[in-house]
Amino acid sequence: MVFRPLIRTFASMKQILKYFPNLSDEQQRQLAMLEELYRDWNAKINVISRKDIDNLYEHHVLHSMSIAKMINFRPGTKILDFGTGGGFPGIPLAILFPECQFKLIDGTGKKIRVAQEVAQAIGLKNCEPQHLRGEDEKGRYDFVVSRAVMPLPDLAKIVRKNMAREQRNALPNGIVCLKGGDLQSELQPFRHIVDTAELSQWFSEEWFKQKYVIYLPL
């Protein structure tokens, strides 16, 4: 019984390294710590479905990191994670891009507490979780990331005020979000400028079919 969590974490990290083989020892250490931390916090505060906690790395960590397949954030990039919940996609992305700055916001205080505690426990220096509604965020960012928080037109309306003018990445500043299912009507207002990629082109697991990363320049 003692070894079961270690075996589970080893298998999960093997899955991560399959798609991100160049992670440093520090990045691997931080990612490996997420298993025990999220299980512990999830027993106190339900930030991940209790039925889904066994799929933490595939459905939450790797899913969050898939944004890096769409864009490789350059050092110095400032990213806002809108509606982060317990820290997704912000915490895995902050691990992946240690030279970028991440602010994670959510309107639910107990979920942000989990993100704060996890970030502190793994020693993330480039990640600032804060209990704040998106409408009240005043900062300027190169990109806004999110996971299925709200329809894209509503999200774009709220965060347009937060987009920085200076460009520092290969893609113009904008929104990068993770969504699933039929997105035709949601993307219709942006059909000429939005870029959509299905995650199954990068990940072989069945779960990633009909799940997408959406990029909308603002």
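Predicted model: local features only at pLDDT ≥ 70, side-chain atom pairs only at ≥ 80, totals over all residues.
Colleague: How many aromatic pairs does the structure hold?

Modeller: Six. Take Tyr-19 and Phe-203 as one of them. Their ring centres are 4.7 Å apart and the planes stand at 90°, so this pair is edge-to-face.

Colleague: Where do Tyr-19 and Phe-203 lie?

Modeller: Tyr-19 is in helix α1, residues 4–19. Phe-203 is in the loop between β6 (195–198) and β7 (211–217). The pair therefore ties together parts that are 184 residues apart in sequence.

Colleague: Is Tyr-19 buried or exposed?

Modeller: Buried means under 20% relative accessible area. Tyr-19 has 11%, so it counts as buried. Phe-203 is buried too, at 1%.

Colleague: Now Trp-207 and Phe-208. What kind of pair do they form?

Modeller: Their centres are 5.1 Å apart and their planes are at 85°, so this pair is edge-to-face. Trp-207 is partly exposed, with a relative accessible area of 23%. Phe-208 is buried, at 0%.

Colleague: Which residues do ring pairs link into a cluster?

Modeller: Tyr-19, Phe-203, Trp-207 and Phe-208.

Colleague: What lies over the face of Trp-207?

Modeller: Lys-211 does, at 4.3 Å from the ring centre. Look at Phe-20 as well. The charged end of Lys-69 sits over the Phe-20 ring, 4.6 Å from its centre.

Colleague: On to helices. How are two packed helices described?

Modeller: By the angle between their axes and the distance between the axes. Here, take α2 (residues 25–44) and α3 (residues 56–65). They pack at about 135°, and their axes are 11 Å apart. That makes α2 oblique to α3. The crossing of α2 past α3 is right-handed.

Colleague: Which residues make the contact?

Modeller: From α2 come Leu-31, Ala-32, Met-33, Leu-34, Glu-35 and Tyr-38. From α3 come Leu-56, Tyr-57, Val-61 and Met-65.

Colleague: How many residues of α3 are buried?

Modeller: Ten of the ten, so α3 is largely enclosed by the rest of the structure. The buried residues include Glu-58, His-59, His-60 and His-63. Leu-62 and Ser-64 are also among them.

Colleague: Let us read single residues next. Where is Gln-30 found, and what does it contact?

Modeller: Gln-30 is in helix α2. It is buried, with a relative accessible area of 6%. Set aside its neighbours within four places in sequence. Gln-30 is then in contact with Ile-95, Ile-122, Gly-123 and Leu-124.

Colleague: And where does Asn-126 lie?

Modeller: In the loop between α6 (109–121) and β3 (127–131). Asn-126 is buried, again with a value of 6%.

Colleague: Which residues does Asn-126 touch?

Modeller: Do not count residues up to four places away in sequence. Asn-126 then touches Ala-94, Phe-97, Pro-98, Cys-100, Gln-101 and Phe-102.

Colleague: What separates Asn-126 from Gln-188?

Modeller: They are 62 residues apart along the chain. Their C-alpha atoms are separated by 35 Å.

Notes:
Residues numbered from 1 in each chain as written. Heavy atoms only, no water. Phe/Tyr/Trp six-rings, centres within 6.5 Å; stacked < 30°, edge-to-face > 60°. Helix = DSSP H or I, 4+ residues; strand = E, 2+ residues; numbered from the N terminus. Buried < 20%, exposed > 50% of the residue type's maximum accessible area, 1.4 Å probe, protein only. Lys NZ or Arg CZ within 6 Å of the ring centre and 35° of its normal. Axes fitted to C-alpha atoms, helices over the stretch in contact; angles between N-to-C directions. Parallel < 35°, antiparallel > 145°, perpendicular 65-115°, else oblique. Left-handed = near helix turned anticlockwise from the far one by under 90°. Contact = heavy atoms within 4.5 Å.
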